Amino acid sequence: MSLAEETSATSMALKNRNLLLGGALTLVFLGAALISFLWVPYDVTQMDIANKIKGPSAAHWLGTDHYGRDILAMIMVGARTSIAVAVVAVGIGMLVGVPLGLWAAARRGSLLDEVIMRGNDLVFAFPSLVIAVMITAAFGPSATNAIIAIGIFNIPVFARITRSGALTLWSRDFILAARVAGKGAARISFEHILPNVLNLLIVQGTIQFSLGILAEAGLSYVGLGAQPPTPSWGRMLADSQTFISFAPHMALFPGLAILLTVLGLNLMGDGLRDIFDPKLRRGRT
Amino acid sequence: MKSKISAAALAVALAAGPALAQDGLTVGLQLEPPHMDPTSAAAGAIDQVVYANVFEGLTRFGSDGSVNPGLASSWDISEDGLTYTFHLVEGVKFHDGTDFEATDVVFSLDRARGEDSVNAQKALFAGIESVEAVDPATVKVTLSAPDGLFLFKMAWGDAVIVAPESIEDIKTAPVGTGAFTFGNWVQGDSITLQNNADYWGEPAMLDSATFKFISDPTAAFAAMMAGDVDVFVAFPAPENLPQFDADPRYNVLIGNTEGETILAMNNAREPFSNKLVREAVAHAINRQDIIDGAMFGYGTPIGTFFAPHNPDYVDLTGLSDYDPEKAKALLEEAGVALPLKVKMTLPPPSYARRGGEIVAAQLRAVGIEPEIENVEWAQWLENTFRNAHDYDLTIISHTEPMDISSLANPDYYTGYDNPAFAEVIEKVGVESDPEVRSELLGQAQTMLAEDYVAGFLFELPLHTVAKTGVEGLWVNMPTQATDLTAVHWAK
Amino acid sequence: MLRYTLTRFLSLCLSLAVASVVIFAAIEVLPGDPASIMLGVNAQPDTLAALRSELGLDQPMVARYFAWVTGLLQGDFGISYTYRTPVAQMIADRLAVSLPLALYALGLTVVIAFPVGIWAASRRGSLGDVSVMGLTQLGVAIPNFWFAMLMVLVFAINLQWFSAGGFAGWDAGLFAVLKSLTLPAVALALPQASILARVMRSALLDTLSEDFIRTARAKGLSRRQALWRHALRNALIPVLTIIGMQFSFLLAGGIIIENVFYLPGLGRLIFQAISARDLVVVESVVMLLVFAVILVNFLVELAYAAVDPRLRAR
């Protein structure tokens with residue numbers, strides 16, 4: 001076994017570890033969100049002012065917040081908010097972006113392609129957070145508007161990656177064969193191109209998902225995400241800020257929840273990329 | 001001659017000594033004023049900077065809310081209460097060097113009440129029939145009806161005296177008669193005032209004062225702790241006060257504002273047009289939990305729309321004690337379908353946002369389900385307060401002094417329409433006998449409490465955090481102001 | 001090339017025109033009347049009307065749009081509703097904070113990311129590589145405002161090394177500026193540096209696996225020599241692209257961090273202006289940011305086309 005092969009074996013194992021660790025972290029938070037539908041240690045809408053700002057204890061594993069609510073329960077239910085917002089935002093991005101990308105690739109070089117791609121650039125040119133602030137200022141802050149604000153910026157991401165993936169495929173032989181067989185561009189796009197860019201989309205989806213969680217946290221942090229009493233990680237952090245000097249547990253746990261979830265998703269995305277991406281695999285051998 | 005020089009040198013040396021670092025003061029405030037003209041905007045943030053410091057009125061408020069002589073050293077009131085003759089302080093100059101004279105008073109008052117006036121408190125001047133300059137040091141104001149509160153009204157920041165020579169640029173370069181001149185404005189950050197060496201009265205003790213604008217409660221705490229500001233007026237995070245209190249480097253001053261903090265209910269529309277529902281809400285609210293949870297124990301419970309430190313206050317909190325069972329019974333009696341879904345609109349201050357969350361949790365316990373909507377001031381003013389009155393519940397602190405009369409207006413956002421109450425308020429306005437006045441005010445307060453016009457929560461306290469050694473600050477806030485004229489560092 | 005440049009330029013103008021319409025329309029639907037916000041709670045209808053006409057708010061929408069755009073083209077950004085000062089001046093003041101902050105953060109990003117990325121690539125698969133890449137994963141995942149909060153607690157409140165926030169102004173000297181900008185710059189730079197280090201590393205590894213490097217290595221060049229002599233230069237292209245994107249992100253994306261440290265920068269200006277319904281300011285600042293991004297994209301495209309003629313055919 002040569003040195004190069006040995007290092008590549010190590011790194012392969014390492015990449016698998018990425019996937020494993022990432023998957024495990026993601027599952028923990030997904031699990032917490034699902035369990036919260038059936039059971040939570042305390043009702044998150046119930047306040048207990050007399051027991052506010054208590055550190056971790058047997059009764060409250062992660063302590064209580066400034067209204068005496070259980071932080072563990074808040075994090076579990078907050079996971080629901082984060083995941084829901086991110087999933088729907090990614091969904092919007094895929095539902096609109098992927099067909100746009102396929103369409104642009106099918107009509108590559110045409111005016112339509114140009115318009116779609118310039119449109120994408122235009123969306124990218126807008127400072128995303130500013131637009132999110134404007135959307136919520138116009139329509140009021142809510143989880144729905146946070147989803148829309150995040151979702152809009154997912155559209156060009158998916159449109160671009162789909163188009164570039166599809167462009168390389170259009171010159172391949174099997175597509176040529178399908179064209180010769182008389183299939184239309186739309187049919188080819190959905191029957192042959194889409195399945196072949198799916199890997200790309202899954203990897204990108206995982207990354208956008210983690211970005212969505214971060215974006216939701218940021219929007220909630222400035223008060224533009226889900227509204228109380230719906231718990232959300234970002235708002236928990238915002239609420240904890242003035243307490244940080246004497247009750248750091250209030251800031252620590254929601255922050256860790258965001259950090260670990262995003263980390264898990266990123267690791268998983270990396271792991272998936274390594275498995276799917278043929279170029280990297282070639283580069284390793 | 002020689003001794004004179006050395007005395008001067010000594011004075012310079014003293015000034016250059018350790019005191020030098022402390023001749024200025026940095027004051028933290030939450031809101032930055034939009035501009036510097038207190039006579040054309042309601043923004044309390046403007047008064048917070050310029051009132052008493054840069055601009056002065058005929059009369060002025062003291063820390064205890066008393067009305068004291070300002071640019072008018074004295075006045076005579078005619079028998080019928082219709083004519084006020086103000087005797088102005090002589091030798092006063094505006095900061096640009098022009099003389100302050102009776103014509104400036106005429107100009108200021110006419111401008112405030114004129115046709116195209118943009119004064120936010122135009123109602124203050126509504127009773128004025130005419131203003132004339134008798135001589136450079138005397139002004140005669142004639143009212144259309146006697147007004148027991150006229151001198152009080154003239155003490156407002158909206159009634160300060162401005163000069164026609166400098167009115168053009170007042171928004172960016174305010175020129176007043178106060179103990180401080182306007183210095184520099186770094187927008188988004190700070191405003192600096194300079195000591196006015198030519199001040200007509202007792203000169204200010206600070207060489208300069210910088211107002212630094214920090215809207216975020218966390219940043220306010222951090223700035224205070226890091227020593228970036230010397231004083232923070234209306235400190236926005238009550239949860240941090242015990243820390244400051246325990247720290248020998250800081251003093252915490254706790255005083256009153258005129259802010260009745262209420263859970264306003266839209267009396268003009270369903271379901272809160274029904275008095276039983278309003279009464280149910282009043283009993284569903286646990287004031288102590290709200291004060292503990294939102295204000296960390298600071299705040300005096302109120303039972304009506306009146307400041308508890310006012311001698312005419314009547315304690316009516318018993319009418320709306322915490323009794324969730326009674327609340328449920330009242331809701332049943334009212335025949336509303338439970339859960340009752342309503343909208344709760346909350347403006348930005350933390351008393352409203354936090355208080356709202358707690359109130360919502362308490363209301364849910366009796367079957368009322370408020371949907372919280374956090375809004376910016378802009379939307380709150382537009383949709384809740386001014387035009388549409390499109391709200392069910394909101395939380396707001398009414399910080400104007402003696403504002404019980406505003407509820408007499410059926411078009412006010414509270415939508416409370418009770419002619420009997422309006423009649424009492426009207427009588428108060430023209431009554432000059434203090435005892436009868438007090439009696440009438442008591443009646444008015446009781447009417448509001450018995451009609452459960454709103455959920456009366458607490459009187460907003462004023463928390464000022466100051467570095468040890470800062471003296472002469474106002475403890476209370478009878479009007480929105482940061483009067484720095486007597487503030488100094490302990491020697 | 002000229003033709004290409006011309007079409008790109010036309011496309012740039014078109015993008016800007018579309019952007020201006022979108023921005024103006026978006027701001028038109030913002031609820032809240034600037035005049036009533038300025039006059040506050042007790043303002044009377046006639047007073048409001050007077051102010052509205054003073055601000056030009058009683059003009060029809062289309063007229064206001066063209067007035068705005070013609071102004072922009074002449075470099076006149078209008079007068080702020082709330083502050084009553086020229087918007088151009090306000091933007092210039094805020095840029096004096098945001099631009100140095102963005103450059104500072106970008107500088108930190110590069111200074112951290114280059115050595116880390118190169119080091120990790122040169123020791124690929126080693127324990128050092130694994131741990132450093134693990135740390136960059138954390139850096140990408142950490143919410144920067146949370147990181148900022150923790151830094152304020154430790155370095156400003158407890159240790160008092162840096163300002164907890166605020167901007168002393170350039171008059172206060174370089175030291176004071178560094179004192180107030182360091183924590184925000186670090187908070188902004190950490191995730192960006194993590195991203196850039198990862199890009200650097202993988203770009204290097206990509207080029208290292210290219211045929212010409214393999215040939216060089218077959219000729220006896222050590223891996224480290226190959227990396228420094230050949231791979232680095234080739235890896236710079238994707239790295240510089242990312243740096244370009246990061247700069248525009250840092251310029252516009254500091255809203256949250258500027259809020260944590262209450263820095264009077266562009267981001268906070270937009271935030272304040274939106275809540276005060278200072279529409280002229282919002283429009284102009286957003287337009288300026290969009291213009292900056294579109295311009296950078298345009299220049300990058302031209303640069304690429306100059307380097308790689310194939311792109312021109314597209």
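A cavity here is a set of points, on a 1 Å grid over the protein atoms alone, where a 1.4 Å probe fits but cannot get out, and its lining residues have an atom within 4 Å of a point. Keep that in mind for the first stop.

Before you click, note that this is a predicted model, in which local features need pLDDT of at least 70 and side-chain atom pairs count only at pLDDT 80 or more, while totals for chains, interfaces and linings use all residues. Residues are numbered from 1 along each chain as its sequence is written, chains are lettered from A in the order in which they are written, and side-chain values use heavy atoms, without hydrogens and water.

**Stop 1: a cavity**

Select Arg118(A), Asp121(A), Arg8(C), Ser11(C), Ile294(C) and Phe298(C), which are among the residues lining the second largest cavity. Its volume is about 110 Å³, where a volume is the space filled by probe spheres set on the points, joined across faces, edges and corners. Now colour helix 3 (111-125) of chain A, then helix 1 (2-28) and helix 13 (279-307) of chain C: these elements each give two or more residues to the lining. Helices (H or I, at least four residues) and strands (E, at least two) are DSSP runs, numbered from the N terminus.

**Stop 2: a helix in chain C**

Next, select residues 127-141 of chain C, which form helix 6. The 15 residues reach 21 Å from first C-alpha to last, close to the 21 Å expected at 1.5 Å a residue (1.5 Å times one less than the number of residues). Its buried residues (under 20% relative accessible area, 1.4 Å probe, protein chains only) include Val132(C), Met133(C) and Ala141(C). What do the buried residues of helix 6 of chain C pack against? They pack (heavy atoms within 4.5 Å) against helix 7 (185-221) and helix 9 of chain A, and against helix 5 (87-122) and helix 8 (174-208) of chain C.

**Stop 3: aromatic rings**

Rings of Phe, Tyr and Trp (its six-membered ring) pair if their centres lie within 6.5 Å; planes under 30 degrees apart are stacked, over 60 edge-to-face, and the rest tilted. The count is 29 aromatic pairs over all chains. Zoom in on Phe243(A) and Phe296(B): their centres are 5.7 Å apart and their planes at 45 degrees, so this pair is tilted. Phe243(A) lies in a loop of chain A and Phe296(B) in a loop of chain B, so the pair joins two chains. Phe243(A) is buried, at 0%, and Phe296(B) is buried, at 16%. Finish with Tyr412(B) and Tyr413(B), an edge-to-face pair at 5.1 Å and 70 degrees.

Key
Buried means under 20% relative accessible area, exposed over 50%, partly exposed in between (1.4 Å probe, protein chains only). On a 1 Å grid over the protein atoms alone, a cavity is a set of points where a 1.4 Å probe fits but cannot get out, and a pocket is an open set with protein on both sides within 12 Å along at least five of seven lines; lining residues have an atom within 4 Å of a point.
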